[in-house]
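Visitor: Could you walk me through this structure, step by step?
Guide: Gladly; here it is.

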Amino acid sequence: MSNYIAEFETLFRDVLENDDIVLTNETTAHDIDEWDSINHIYLVVEIEKHFEIKFSSSEILQWQNVGEMIDSVKAKKDN
Amino acid sequence: MNPIFSFRELQKKAKNTTGNVTDIRVAVLGNHTTSFFVKALENQLKVAGFNPSMFESDYDQIDITLIDGESELYKFNPEIIVVFESVIKLKDKFYSIKDTESQSDFYKTEKDIIQNRVSNIRANGSDAKIVYFSYELIDDELYGNLFSKIPHSFYNNLWQLNNELITFSRNEPDFYVFDINKYLKGTENYRDYTALINSDLHYSIDTFAKISHFLAQFFNAFKGHFKKCLILDLDNTTWGGIIGDDGLENIQVGSLGIGKAFTKLQKWAKELKERGVILAICSKNTEEVAKEPFEKHNEMVLRLDDISIFVANWKNKADNIRYIQEVLNIGFDSMVFLDDNPAERDIVRQSLPAVTVPELPKDPAYYMPYIESLNLFETVSYSENDKDRTSQYQQEAKRKKLISSVTNMDDYLKSLEMKGNISPFNSDDVSRVAQLTQRSNQFNLRTQRYTEKDITEFMNSENHLTYTVKLKDKFGDYGLISVIILEKKNDNTYFVDTWIMSCRVLKRDVEHFALNKIVEDVKNKGINIITGEYLPTPKNKLVADLLTKLTFKNNDKEDSYLLDLTNYKSLKNYIENE
């Protein structure tokens, strides 16, 4: 799990161009200024590319925080 | 030449660009989420060396934005307006039509909307270039391959609509069609259907990056940057094999071996030459041996008279390209060099980074597909005159020979037997005049770019004096080589708005010939002052002292120039007025 958080953090920092971003499982879009609805689309695409996975439409709609995003990735990678 | 970056790579590249000075103002209007497209285009323009300002219309508000003369769009004052409509949205609109008759007329209704949009842009005083995306050809598969027979099928309408767009563009000034279909072809996963449903993202963000790559190339051409010369290596580039070793009978071109691949390249080069691109040869060979296939091989498409400059020797290729550049007098950034040898490519890239040197694939079968994918010869103008360029440069080579046989410049100029014609703009020359204002970078006093519409306005203006200069000599006809526009500033002053000349006629005293006539005309209007200024760009140092040479007095304080006609002494030249 900690690995995923670290990878997510690196990715978020790079995509959102802010090196001060620190992620926890509870982090939501409200906690990060750059994480607006447009950048959310960008983040999802880059997460998919990075982990070589594809999220389903309903998964994307259900996430409440970073932890749940990581759960989606984990479920696909660990299978 | 930049590769096609992903959205994220592009974002990083753009961040590292600094010192861009050329402004470009672009507005984007769409019926879908265009934020990523606008961002990608902005980044591409930065990477291409521009300093872009972008305007994005509100989501799906194309018509309201265009109708409202007070809208932010017109305040933004764009140079280029891009209209990018997604066919997926259009399909919803189409399905809301209930009767088949109206469905059959759908493309006509849409065409009227497009024309209306253009009228609104012009009525609201914008002379921006309009770049209209063609419609993505996607079938809803309701009628399958019967679509061509069903006028009320969606797919049928899309084909018709694209045809209407092309027909409309042909006669509509400053309206261009950007075909999205050719860039989507071969793009993997160009649409992300999850993002389409969740975020109204009609193309994937990397597709936006790719499309904007080609759009930025097109804009580059608008700004006067395009390729004017193709330089070809010979052995294993223009034909297969090595002429010096294999001999005339064994080189592969036409039917022999993989000759077809080389024939395709030659045919393409020949068509480019017909379009006005200059062809040059740069080969490590003995000249007579290298020329033999052009003269004697009956399957060669290219012949010696297609080539403006033929350089075959054993010198460094970078030096030879420098020589070609000197003779042609064009920028290195307008040259493309094709060579199969990676080492030669590397030498040229290192010494002349501005020259475009494509990384030719190893297999000649892939030469043409690869070269075509680069879209190297983007252009925004074409005139019949372009076809004559090759013979013009061949004439130039003869003049270069003559100049070496005379001992002073006056004798040389006299021996050319030049005849000049200077007259106001006329309607036959509008496209050539506009083209010169678009293309000329070096001998260009103020680098004002004008459209055909602008030129027509100058032609009919009471406030302007317009001139074209045509020149011939005993070797041939240069055609229209200079454009000058003067604007009346007050009762006693004309201002030099534009002074452009083709570099092919440098040092012929054409500018003396022209100014003598201009002074005569201005005096006849009872006006005694002509003022001027020099606007420096990275490319027009050539004319930094033009006004001084033309006996204008420099006013140091304001960096402006003034010519008092009461003391004007006719300037020397050997051009006979005809």
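**The sheet in chain B**

Guide: Five strands of chain B form an open sheet in the order β2-β1-β3-β4-β5, with parallel pairing, where strands (E, at least two residues) and helices (H or I, at least four residues) are DSSP runs numbered from the N terminus, and two strands pair if DSSP finds at least two bridges between them. This is a predicted model, in which local features need pLDDT of at least 70, side-chain atom pairs count only at pLDDT 80 or more, and totals for chains, interfaces and linings use all residues. Residues are numbered from 1 along each chain as its sequence is written, while chains are lettered from A and ligands numbered from 1 in the order in which they are written.

Visitor: Which strands stand at the edges?
Guide: Those are β2 (50-56) and β5 (175-178) of chain B, each with a single partner strand, so one side of each has no neighbour in the sheet.

Visitor: And how are β1 and β3 joined?
Guide: Strand β1 (residues 22-30) of chain B runs parallel to strand β3 (residues 80-84) of chain B, and five bridges join them; B:V26 stands opposite B:I80 in β3(B).

Visitor: New topic: how many residues does each chain give to the contact?
Guide: Chain B gives nine residues and chain A gives eleven, where two residues are in contact if their C-beta atoms, placed from the backbone, lie within 7 Å.

Visitor: Which helix gives the most on the chain B side?
Guide: Helix α10 (residues 193-199) of chain B does, with five residues.
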